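User: Here is a chain to go through by question and answer. Please keep each reply brief and end on the value or name asked for.

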Amino acid sequence: MGMSALTALCVISIGFGVPAICVYSSIHYGFNFIVAGIISALAVIASGALAFISVVLSPEEAIDEQLKPSEREKLIMMRAHQRATLEELDDIIVILREIRDALKAVQE
């Protein structure tokens, strides 16, 4: 099991398991529901923080090192295509803003 799978398992178990146990304890054993709610909220926040940190700190370079040369070239081409698409979208946004400004000027 890879490190990302273990992290996902931890996030799921903390984010869903702790609140489920708190609700179960509140219903069957009379655990204070306010404390259960606080513990559940903290567990959900902690699992969200763990997920965010694991995504931010995930090593992209390690993925690149595991790829074959042909797959690496495809990945480089895909990234270049995505950058070109984003640049085109930026140009479209500029043009749409100009059209919006022109329509506002005509409307006044």
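**Helices, surface and contacts**

Analyst: Leu103 has its place in helix H4 (residues 69–107). Helices here are DSSP runs of H or I with at least four residues, strands are runs of E with at least two, and both are numbered from the N terminus. This is a predicted model, where local features need pLDDT of at least 70, side-chain atom pairs count only at pLDDT 80 or more, and totals for chains, interfaces and linings use all residues. Residues are numbered from 1 along each chain as its sequence is written, and side-chain values use heavy atoms, with hydrogens and water left out.

User: How many helices and strands are in the chain, and in what order do the elements run?

Analyst: The chain has 4 helices and 0 strands. From the N terminus on, the order of elements is α-α-α-α.

User: How much of the chain counts as buried?

Analyst: Buried means under 20% relative accessible area, exposed over 50%, and partly exposed in between (1.4 Å probe, protein chains only). The accessible surface of the chain is about 9,000 Å², and 70% of that belongs to carbon and sulfur atoms. Those areas come from the Shrake-Rupley method with a 1.4 Å probe; for residues, only the protein chains shown count as cover. Of the 108 residues, the buried share is 10%.

User: Which residues make the nonpolar surface patch of about 670 Å²?

Analyst: Patch residues have over 30% relative accessible area and no salt bridge; like charges are joined within 9 Å, nonpolar side chains (Val, Leu, Ile, Met, Phe, Trp, Tyr) within 5 Å. Leu103 is exposed at 57%. The patch of about 670 Å² is made by Leu86, Leu89, Ile92, Ile95, Leu96, Ile99 and Leu103.

User: Which side chains meet in a salt bridge?

Analyst: A salt bridge needs a side-chain nitrogen of Lys or Arg within 4 Å of a carboxyl oxygen of Asp or Glu. A search of the whole structure finds 1. Asp101 is partly exposed at 42%, and Arg100 is partly exposed at 41%. At 3.5 Å, N to O, the partners are Asp101 and Arg100.

User: Is the aromatic pair of Tyr24 and Tyr29 stacked or edge-to-face?

Analyst: Rings of Phe, Tyr and Trp (its six-membered ring) pair if their centres lie within 6.5 Å; planes under 30 degrees apart count as stacked, over 60 as edge-to-face and the rest as tilted. The structure holds 1 aromatic pair. The ring centres of Tyr24 and Tyr29 are 6.0 Å apart and their planes are at 75°, so the pair is edge-to-face.

User: How far apart in space are Arg72 and Ile14?

Analyst: Arg72 is in helix H4 and is partly exposed at 34%. Arg72 and Ile14 are 58 residues apart in sequence. C-alpha to C-alpha, their distance in space is 35 Å.
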